[in-house]
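Have the sequence and the 3D view at hand as you read.

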Amino acid sequence: YFIAAAKKVLQYEKDVIFIISGSGDMQGQVMNQAASLEISDKIMFAGFLRNDELNQAYRAADLYVMPSVSEPFGITPLEAIANGTPVIISKQSGVSEVLKHALKVDFWDVNDISGKIIALLRYRPLHETLKENSYSEVKKFSWDVPAEKCIGVYNKLIGKG
């Protein structure tokens with residue numbers, strides 16, 4: 001779905017370059033689809049990125065898109081936001097339940113995905129507002145509370161709580 005959305009975006013925004021990072025069992029299929037839609041010159045397959053490379057990619061991006069069919073939580077949108085990049089995420093991802101300052105789409109809705117990508121590229125006030133509000137939101141997240149809950153459950157199970 002993302003490749004089809006990218007094709008639609010390129011009909012309106014010719015100077016966009018899409019970076020797809022990571023690897024997986026669909027990588028070959030995604031590459032073939034980009035080639036068959038004749039947009040492979042506008043898509044860079046970066047492979048698996050980590051640490052500084054990953055953070056540099058987030059900071060270089062105008063926006064981050066995660067149109068996952070199923071993502072139990074989704075740490076990567078939080079990483080993007082922490083690097084100052086606004087995000088578009090699927091409603092089907094777990095992270096959509098906790099992020100209020102993200103644009104949300106159905107993973108299969110190519111028109112909505114492409115429309116929101118174009119909106120974030122064209123309208124700087126929307127881009128900046130989403131960037132600032134999502135960053136403020138993510139700064140409040142902490143592993144401390146969930147960790148304490150896990151420790152509490154563990155202590156109950158072993159008879160210390």
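This is a predicted model: local features need pLDDT of at least 70, side-chain atom pairs count only at pLDDT 80 or more; totals for chains, interfaces and linings use all residues.

Residues are numbered from 1 along each chain as its sequence is written, and side-chain values use heavy atoms, with hydrogens and water left out.

Let's begin with helix 4 (75–82). Helices (H or I, at least four residues) and strands (E, at least two) are DSSP runs, numbered from the N terminus. Pro77, Leu78, Ala80 and Ile81 are buried in helix 4; they sit on the same side of this helix, because they cover an arc of only 160° around the axis. That arc is taken from the directions from the helix axis to the C-beta atoms. Buried means under 20% relative accessible area, exposed over 50%, and partly exposed in between (1.4 Å probe, protein chains only). After helix 4 comes Gly84, with a positive phi near 85°.

Strands 3 and 4 run parallel and are joined by three bridges; two strands pair if DSSP finds at least two bridges between them. Val65 is opposite Ile88 of strand 4. Strand 4 is covered on both faces, with Val87 and Ile89 buried on one side and Ile88 and Ser90 buried on the other.

Ser68 lies in the loop between strand 3 (64–66) and helix 4. Ser68 counts as buried because its relative accessibility is 16%. Leaving aside residues up to four places away in sequence, Ser68 touches Ser90, Gln92 and Phe107.

Now for the salt bridges (a side-chain nitrogen of Lys or Arg within 4 Å of a carboxyl oxygen of Asp or Glu). The whole structure has four of them, including these:

| Pair | N to O distance |
|---|---|
| Glu13 and Arg122 | 2.5 Å |
| Asp106 and Lys91 | 3.8 Å |
| Lys116 and Asp112 | 3.3 Å |

Lys116 and Asp112 are both in helix 5, four residues apart, about one turn of the helix. Lys116 is partly exposed, at 21% relative accessible area, and Asp112 is partly exposed at 23%. Asp106 is buried at 18%, whereas Lys91 is partly exposed at 46%.

Technical notes:
Contact means heavy atoms within 4.5 Å.
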